[in-house]
Amino acid sequence: MVRRITMTPAASRALEAAGRLFYEHGIHAVGVDLIAAEAGVTKKTLYDRFGSKEQIVVEYLADRDERWRVFLDGYLDAAEGPRVLAVFDASRAWAAQHSPKGCGMVNAHAEISDTSHPAHPIIIGQKEWMLALFTDLVRDVTPDAERVGQTLLLLHEGALVANGFGTFPDAIGHARDQAATLLAASPGHGRPVPGEETPGGAVVG
(Lines give C-alpha, C1' and ligand atoms only; values in the text may rest on other atoms or scores of the structure.)
Protein backbone atom coordinates (compact mmCIF):
# COMPACT_ATOMS: atom_id res chain seq x y z
CA MET A 1 0.00 0.00 0.00
CA VAL A 2 1.25 3.48 -0.90
CA ARG A 3 0.53 6.22 1.60
CA ARG A 4 -1.33 9.18 0.12
CA ILE A 5 -2.23 12.54 1.58
CA THR A 6 -5.45 14.54 1.53
CA MET A 7 -5.13 17.40 -0.91
CA THR A 8 -5.76 20.99 0.15
CA PRO A 9 -5.80 23.92 -2.31
CA ALA A 10 -2.20 24.77 -1.39
CA ALA A 11 -1.13 21.15 -1.78
CA SER A 12 -2.84 20.95 -5.16
CA ARG A 13 -0.98 24.03 -6.38
CA ALA A 14 2.28 22.57 -5.13
CA LEU A 15 1.57 19.24 -6.80
CA GLU A 16 0.80 20.90 -10.12
CA ALA A 17 4.06 22.83 -9.95
CA ALA A 18 6.04 19.79 -8.82
CA GLY A 19 4.63 17.62 -11.60
CA ARG A 20 5.58 20.12 -14.25
CA LEU A 21 9.06 20.67 -12.82
CA PHE A 22 9.80 16.99 -12.17
CA TYR A 23 8.84 16.02 -15.70
CA GLU A 24 10.71 18.90 -17.33
CA HIS A 25 13.92 18.83 -15.31
CA GLY A 26 14.05 15.52 -13.44
CA ILE A 27 13.15 14.59 -9.89
CA HIS A 28 16.63 14.93 -8.41
CA ALA A 29 17.26 18.29 -10.08
CA VAL A 30 14.19 19.95 -8.54
CA GLY A 31 14.28 21.03 -4.90
CA VAL A 32 11.47 21.93 -2.55
CA ASP A 33 12.49 25.60 -2.64
CA LEU A 34 11.79 25.79 -6.36
CA ILE A 35 8.50 23.91 -6.01
CA ALA A 36 7.37 26.26 -3.26
CA ALA A 37 8.32 29.32 -5.29
CA GLU A 38 6.54 28.07 -8.42
CA ALA A 39 3.42 27.17 -6.43
CA GLY A 40 3.35 30.45 -4.54
CA VAL A 41 3.51 28.77 -1.13
CA THR A 42 6.08 28.77 1.63
CA LYS A 43 8.54 25.95 2.17
CA LYS A 44 6.96 25.43 5.60
CA THR A 45 3.54 24.97 3.98
CA LEU A 46 5.03 22.42 1.61
CA TYR A 47 6.43 20.34 4.46
CA ASP A 48 3.25 20.78 6.52
CA ARG A 49 1.18 19.35 3.66
CA PHE A 50 3.51 16.64 2.32
CA GLY A 51 6.01 15.96 5.07
CA SER A 52 8.90 15.32 2.70
CA LYS A 53 10.04 15.64 -0.89
CA GLU A 54 9.64 11.87 -1.23
CA GLN A 55 5.92 12.23 -0.54
CA ILE A 56 5.65 14.92 -3.21
CA VAL A 57 7.20 12.45 -5.66
CA VAL A 58 4.69 9.80 -4.56
CA GLU A 59 1.78 12.16 -5.16
CA TYR A 60 3.20 13.30 -8.51
CA LEU A 61 3.55 9.77 -9.88
CA ALA A 62 0.29 8.49 -8.39
CA ASP A 63 -1.60 11.47 -9.83
CA ARG A 64 0.00 10.95 -13.24
CA ASP A 65 -0.89 7.25 -13.18
CA GLU A 66 -4.50 7.96 -12.20
CA ARG A 67 -4.91 10.54 -14.96
CA TRP A 68 -3.43 8.13 -17.52
CA ARG A 69 -5.85 5.37 -16.56
CA VAL A 70 -8.86 7.67 -16.89
CA PHE A 71 -7.54 8.93 -20.23
CA LEU A 72 -7.01 5.36 -21.45
CA ASP A 73 -10.48 4.26 -20.34
CA GLY A 74 -11.98 6.82 -22.68
CA TYR A 75 -10.17 5.27 -25.65
CA LEU A 76 -11.02 1.72 -24.63
CA ASP A 77 -14.70 2.58 -24.23
CA ALA A 78 -14.81 4.26 -27.65
CA ALA A 79 -12.83 1.58 -29.51
CA GLU A 80 -14.53 0.30 -32.66
CA GLY A 81 -11.85 -2.23 -33.61
CA PRO A 82 -9.61 -4.42 -31.44
CA ARG A 83 -9.52 -2.74 -28.03
CA VAL A 84 -5.88 -3.61 -27.55
CA LEU A 85 -4.97 -1.31 -30.45
CA ALA A 86 -6.83 1.49 -28.69
CA VAL A 87 -4.12 1.38 -26.03
CA PHE A 88 -1.60 2.49 -28.64
CA ASP A 89 -3.98 5.17 -29.90
CA ALA A 90 -4.36 6.48 -26.36
CA SER A 91 -0.61 6.43 -25.78
CA ARG A 92 0.05 8.36 -28.97
CA ALA A 93 -2.48 11.04 -27.96
CA TRP A 94 -1.25 11.12 -24.35
CA ALA A 95 2.37 11.49 -25.46
CA ALA A 96 1.46 14.42 -27.70
CA GLN A 97 -0.43 16.17 -24.90
CA HIS A 98 1.39 15.16 -21.72
CA SER A 99 4.64 13.31 -22.43
CA PRO A 100 6.77 14.92 -25.15
CA LYS A 101 9.90 13.84 -23.25
CA GLY A 102 8.88 10.21 -22.90
CA CYS A 103 7.04 8.13 -20.34
CA GLY A 104 7.00 9.79 -16.92
CA MET A 105 7.24 6.41 -15.18
CA VAL A 106 10.22 5.29 -17.25
CA ASN A 107 11.93 8.62 -16.64
CA ALA A 108 11.24 8.38 -12.92
CA HIS A 109 12.57 4.84 -12.75
CA ALA A 110 15.86 6.04 -14.22
CA GLU A 111 16.19 8.22 -11.12
CA ILE A 112 14.49 5.99 -8.54
CA SER A 113 16.02 2.52 -8.62
CA ASP A 114 15.98 2.08 -4.83
CA THR A 115 13.18 -0.35 -4.06
CA SER A 116 12.77 1.19 -0.60
CA HIS A 117 11.73 4.55 -2.07
CA PRO A 118 8.00 5.03 -1.38
CA ALA A 119 7.34 5.91 -5.02
CA HIS A 120 8.98 2.75 -6.39
CA PRO A 121 5.82 0.59 -6.06
CA ILE A 122 3.85 3.13 -8.12
CA ILE A 123 6.33 2.95 -11.00
CA ILE A 124 6.54 -0.85 -11.00
CA GLY A 125 2.82 -1.20 -10.33
CA GLN A 126 1.85 0.80 -13.40
CA LYS A 127 3.92 -1.41 -15.71
CA GLU A 128 2.53 -4.55 -14.08
CA TRP A 129 -0.96 -3.15 -14.57
CA MET A 130 -0.22 -2.45 -18.23
CA LEU A 131 0.98 -6.04 -18.72
CA ALA A 132 -2.19 -7.38 -17.11
CA LEU A 133 -4.29 -5.08 -19.31
CA PHE A 134 -2.64 -6.21 -22.53
CA THR A 135 -3.00 -9.83 -21.49
CA ASP A 136 -6.67 -9.47 -20.62
CA LEU A 137 -7.44 -7.63 -23.87
CA VAL A 138 -6.13 -10.46 -26.04
CA ARG A 139 -7.66 -13.40 -24.16
CA ASP A 140 -10.56 -13.52 -26.62
CA VAL A 141 -8.33 -13.63 -29.71
CA THR A 142 -5.53 -16.04 -28.80
CA PRO A 143 -5.00 -19.02 -26.51
CA ASP A 144 -1.46 -17.73 -25.89
CA ALA A 145 -2.60 -14.56 -24.17
CA GLU A 146 0.21 -14.47 -21.60
CA ARG A 147 2.98 -14.48 -24.18
CA VAL A 148 1.18 -12.17 -26.61
CA GLY A 149 0.49 -9.76 -23.76
CA GLN A 150 4.18 -9.71 -22.88
CA THR A 151 5.12 -9.01 -26.50
CA LEU A 152 2.57 -6.19 -26.72
CA LEU A 153 4.00 -4.63 -23.57
CA LEU A 154 7.49 -4.76 -25.09
CA LEU A 155 6.21 -3.07 -28.24
CA HIS A 156 4.40 -0.44 -26.22
CA GLU A 157 7.22 0.39 -23.81
CA GLY A 158 9.83 0.41 -26.56
CA ALA A 159 7.66 2.82 -28.52
CA LEU A 160 7.35 5.15 -25.53
CA VAL A 161 11.12 5.27 -25.13
CA ALA A 162 11.73 5.79 -28.87
CA ASN A 163 9.08 8.50 -28.92
CA GLY A 164 10.72 10.31 -26.03
CA PHE A 165 14.09 10.16 -27.75
CA GLY A 166 12.63 11.27 -31.07
CA THR A 167 14.47 8.36 -32.68
CA PHE A 168 12.12 8.31 -35.66
CA PRO A 169 8.71 9.82 -36.42
CA ASP A 170 5.56 8.28 -34.93
CA ALA A 171 7.20 5.45 -33.02
CA ILE A 172 3.94 4.67 -31.22
CA GLY A 173 2.02 4.49 -34.50
CA HIS A 174 4.65 2.10 -35.86
CA ALA A 175 4.30 -0.05 -32.73
CA ARG A 176 0.53 -0.07 -33.24
CA ASP A 177 1.00 -1.42 -36.76
CA GLN A 178 3.28 -4.14 -35.44
CA ALA A 179 0.75 -4.99 -32.74
CA ALA A 180 -1.96 -5.39 -35.39
CA THR A 181 0.33 -7.70 -37.37
CA LEU A 182 1.08 -9.70 -34.24
CA LEU A 183 -2.61 -10.13 -33.47
CA ALA A 184 -3.38 -11.22 -37.02
CA ALA A 185 -0.65 -13.86 -36.85
CA SER A 186 -1.54 -15.13 -33.35
CA PRO A 187 -2.85 -18.69 -33.04
CA GLY A 188 -6.61 -18.65 -32.80
CA HIS A 189 -7.04 -15.18 -34.28
CA GLY A 190 -10.55 -14.90 -35.70
CA ARG A 191 -11.46 -18.31 -34.28
CA PRO A 192 -12.97 -19.28 -30.93
CA VAL A 193 -10.41 -20.00 -28.23
CA PRO A 194 -10.39 -23.64 -27.02
CA GLY A 195 -12.79 -24.07 -24.14
CA GLU A 196 -15.08 -21.25 -25.29
CA GLU A 197 -18.62 -21.72 -26.47
CA THR A 198 -19.40 -20.96 -30.12
CA PRO A 199 -22.51 -18.98 -31.18
CA GLY A 200 -24.22 -22.30 -31.89
CA GLY A 201 -23.72 -23.48 -28.35
CA ALA A 202 -20.93 -26.01 -28.95
CA VAL A 203 -17.78 -25.88 -26.89
CA VAL A 204 -14.56 -25.74 -28.86
CA GLY A 205 -12.18 -28.53 -27.90
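Modeller: A salt bridge is a side-chain nitrogen of Lys or Arg within 4 Å of a carboxyl oxygen of Asp or Glu. Keep that in mind as we look at this predicted model.

Biologist: Thanks! How many salt bridges does a search of the whole structure find?

Modeller: The search finds 14 salt bridges. Let's take a few of them in turn.

Biologist: Happy to. Which residue forms a salt bridge with Arg69?

Modeller: Its partner is Asp65, and the closest N and O atoms of the pair are 3.1 Å apart. Both residues belong to helix 4, where being 4 residues apart separates them by about one helical turn.

Biologist: And how do I read their accessibility: is Asp65 buried or exposed?

Modeller: Buried means under 20% relative accessible area. Asp65 has 9%, so Asp65 is buried. Arg69, at 25%, is partly exposed.

Biologist: Where does Arg92 find its salt-bridge partner?

Modeller: Look at Asp89: the closest N and O atoms of these two are 3.7 Å apart. Arg92 and Asp89 sit 3 residues apart in helix 5 (residues 83-98), a separation of about one helical turn. Arg92 is partly exposed at 34% relative accessibility, and Asp89 is partly exposed too, with a relative accessible area of 23%.

Biologist: Which residues are linked with them in a network of salt bridges?

Modeller: Asp170 and Arg176 join Asp89 and Arg92 in that network.

Biologist: What about Glu157, with which residue does it form a salt bridge?

Modeller: With Lys127, the closest N and O atoms being 2.7 Å apart. Glu157 is in helix 8 (residues 145-165) while Lys127 is in helix 7 (residues 120-137), so this pair ties together parts that are 30 residues apart in sequence. Glu157 and Lys127 are both buried.

Biologist: Now let's turn to helix packing. At what angle do the axes of helix 3 and helix 4 cross?

Modeller: The general idea is to compare the angle with a set range: 65 to 115 degrees counts as roughly perpendicular. Here the axes of helix 3 (residues 43-50) and helix 4 (residues 53-78) cross at roughly 65° and come within 9 Å. The two helices are therefore roughly perpendicular to each other, and their crossing is left-handed.

Biologist: Which residues in helix 3 and helix 4 meet?

Modeller: From helix 3, Leu46, Tyr47 and Phe50 take part; from helix 4, they meet Lys53, Gln55, Ile56 and Glu59. By residue class, this contact divides into 4 nonpolar, 1 polar and 2 charged.

Conventions
Residues are numbered from 1 along each chain as its sequence is written. This is a predicted model: local features need pLDDT of at least 70, side-chain atom pairs count only at pLDDT 80 or more; totals for chains, interfaces and linings use all residues. Side-chain values use heavy atoms; hydrogens and water are left out. Axes are lines fitted to C-alpha atoms, for helices over the stretch in contact, and angles run from 0 to 180 degrees between N-to-C directions. Angles under 35 degrees count as roughly parallel, over 145 as roughly antiparallel, 65 to 115 as roughly perpendicular and the rest as oblique. A crossing is left-handed if the near helix is turned anticlockwise from the far one by less than a right angle, and right-handed if clockwise. Contact means heavy atoms within 4.5 Å. Ala, Val, Leu, Ile, Met, Phe, Trp, Tyr, Cys and Pro count as nonpolar, Asp, Glu, Lys and Arg as charged, and the others, Gly among them, as polar. Buried means under 20% relative accessible area, exposed over 50%, partly exposed in between (1.4 Å probe, protein chains only).
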